[in-house]
Amino acid sequence: MILSKKDQDDFSKQLADHHQAQLAGGLTVLQKAVYEHNMLAAAQLYKNIRIEELAKLLGVTLIQAEDLARIMIQENRLNATIDQVDGIIEFDNDELILNSWDQSISESLMSMNDIVDMIESKTKLKFSI
């Protein structure tokens, strides 16, 4: 879930002063955390995104959006590549998506199996595969 500016503002009202201190880049601790959270959320929502659109989504400049992505990639906190020529960030989340899909299918099948077992235990019906 991408956090909005309103969410950030509402949350900042509850923080102590030291949590609202400015970091070296001019951002507060909360702002940096929200931008990083939203970058990771965007990586789950998109296969790729234009840096211009990412900047709008994060509420930052083009340079800040690209710098944030670059730093997170360098720190291995974001699986992505930056195409500076075309101005696009490609998120490498195929494995994450497939694992999530596989997990959802497994959970659905286990639930179905539980339902069949319950029907068999309460009735005289027997199911075979």
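The dialogue below takes up the fold, the core, the salt bridges and the surface.

User: What should I know about the model before reading it?

Analyst: The model is predicted, with local features needing pLDDT of at least 70 and side-chain atom pairs counting only at pLDDT 80 or more, while totals for chains, interfaces and linings use all residues. Residues are numbered from 1 along each chain as its sequence is written, and side-chain values use heavy atoms, with hydrogens and water left out.

User: How many helices and strands are in the chain?

Analyst: Helices (H or I, at least four residues) and strands (E, at least two) are DSSP runs, numbered from the N terminus. The chain has 5 helices and 3 strands, and their order along the sequence is α-α-β-α-α-β-β-α. The chain is more spread out than a compact globule, because its radius of gyration of 22 Å is well over the 14 Å that the globule rule gives for 129 residues. That radius is taken over C-alpha atoms, and the rule is 2.2 Å times the number of residues to the power 0.38. The C-alpha trace spans about 70 × 40 × 25 Å along its principal axes.

User: Which residues of the largest nonpolar core touch the most other members?

Analyst: In soluble globular proteins, nonpolar side chains tend to be buried together. A nonpolar core is a set of buried Ala, Val, Leu, Ile, Met, Phe, Trp, Tyr and Cys residues joined through side-chain atoms within 4.5 Å. Buried means under 20% relative accessible area, exposed over 50%, and partly exposed in between (1.4 Å probe, protein chains only). Here the largest core has 18 residues, of which Met39, Leu54, Leu58, Ala65, Leu78, Ile89 and Phe91 touch the most other members. Two or more residues of this core come from each of α2, α3 (51-58), α4 (62-74) and β3 (88-91). Leaving out residues up to four places away in sequence, Leu58 touches Tyr35, Asn38, Met39, Ala65 and Leu68, where contact means heavy atoms within 4.5 Å. Over the chain, buried residues make up 24% of the 129 residues.

User: Which residues are linked in a network of salt bridges?

Analyst: Lys32, Glu36, Glu75 and Arg77 form such a network. Within it, the closest N and O atoms of Glu75 and Arg77 are 2.7 Å apart. Glu75 is partly exposed at 45%, as is Arg77 at 35%.

User: Which residues make the nonpolar surface patch?

Analyst: Patches are made of residues with over 30% relative accessible area and no salt bridge, like charges being joined within 9 Å and nonpolar side chains (Val, Leu, Ile, Met, Phe, Trp, Tyr) within 5 Å. Accessible areas come from the Shrake-Rupley method with a 1.4 Å probe; for residues, only the protein chains shown count as cover. Met112, Ile115, Met118, Ile119 and Leu125 make a patch of about 460 Å². Met118 lies in helix α5 (residues 94-122) and is partly exposed at 46%.

How values were computed:
Salt bridge = Lys/Arg side-chain N within 4 Å of Asp/Glu carboxyl O.
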